[in-house]
Amino acid sequence: MSFDPVTIGIVSISDRASQGVYEDKGLPALQDWLTRALKNPIRFEPRLIPDEQAGISRTLVELVDAGCALVLTTGGTGPAPRDVTPEATLAVANKEMPGFGEQMRQISLAFVPTAILSRQVAVVRGQSLIINLPGQPKAIAETLEGLKDSDGKPRVHGIFAAVPYCIDLIGGPYLETHEAVCQAFRPKSAARPVRA
């Protein structure tokens with residue numbers, strides 16, 4: 001059985017981690033979750049960069065130009081003066097996808113009231129989907145995966161459930177997920193036949 005290969009950009013945005021003041025936890029968290037969630041062979045394009053708006057925008061454009069169907073960022077989405085990830089992301093957008101940010105805040109509000117301070121955005125640039133995720137590894141997994149009840153059934157859908165179909169619609173590879181981690185949702189007409 002063969003799955004479409006996919007190139008995914010993962011970007012951790014932090015002044016201090018990029019200077020080596022402390023260990024970056026964003027890139028390992030993104031890589032770990034995506035490796036568990038996707039059946040597709042993945043080639044990661046990791047970047048660890050400071051909170052500089054022009055540099056973030058430039059990195060996102062480079063990753064899209066390098067063929068990344070999906071680019072996930074972590075860090076720099078709060079209200080502090082150095083938090084400029086959403087502005088840098090919107091600056092390179094062809095289309096904004098506001099539902100992703102709305103749903104991430106909805107999920108995070110189940111855990112902390114300060115979720116309303118997060119400003120994550122998602123955009124389409126060319127044939128790539130770019131999503132800003134929260135900065136904490138635990139929050140990254142929660143927003144991607146969603147909230148499950150005690151039986152493991154989704155109570156609030158994570159944002160990744162919608163990512164494969166979005167990538168279909170913009171002309172990217174067909175992403176397939178491990179349902180135990182995250183069940184991708186597609187209309188029946190968009191689903192490929194199940195392969196044995």
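I began at threonine 74, whose side chain reaches the backbone oxygen of proline 134 at 2.6 Å; a polar contact here is a pair of N or O atoms within 3.5 Å, and within protein one must be able to donate a hydrogen and the other to accept it, while residues adjacent in sequence count only if both atoms are side-chain atoms.

I noted that this is a predicted model, in which local features need pLDDT of at least 70 and side-chain atom pairs count only at pLDDT 80 or more, whereas totals for chains, interfaces and linings use all residues. Residues are numbered from 1 along each chain as its sequence is written, and side-chain values use heavy atoms, with hydrogens and water left out.

I then placed threonine 74 in strand 3 (residues 70-74), strands being DSSP runs of E with at least two residues and helices runs of H or I with at least four, numbered from the N terminus. Threonine 74 counts as buried because its relative accessibility is 2%, where buried means under 20% relative accessible area, exposed over 50% and partly exposed in between (1.4 Å probe, protein chains only).

Next I looked up the nonpolar cores, each a set of buried Ala, Val, Leu, Ile, Met, Phe, Trp, Tyr and Cys residues joined through side-chain atoms within 4.5 Å. The largest has 33 residues, and Leu34, Leu70, Leu129, Ile131, Leu133 and Phe160 have the most contacts inside it. Helix 2 (26-37) is among the elements that give two or more residues to this core, and the largest share, six residues, comes from helix 2. I also recorded a second, separate core of 14 residues, which includes Val11, Ala88, Val123 and Ile130.
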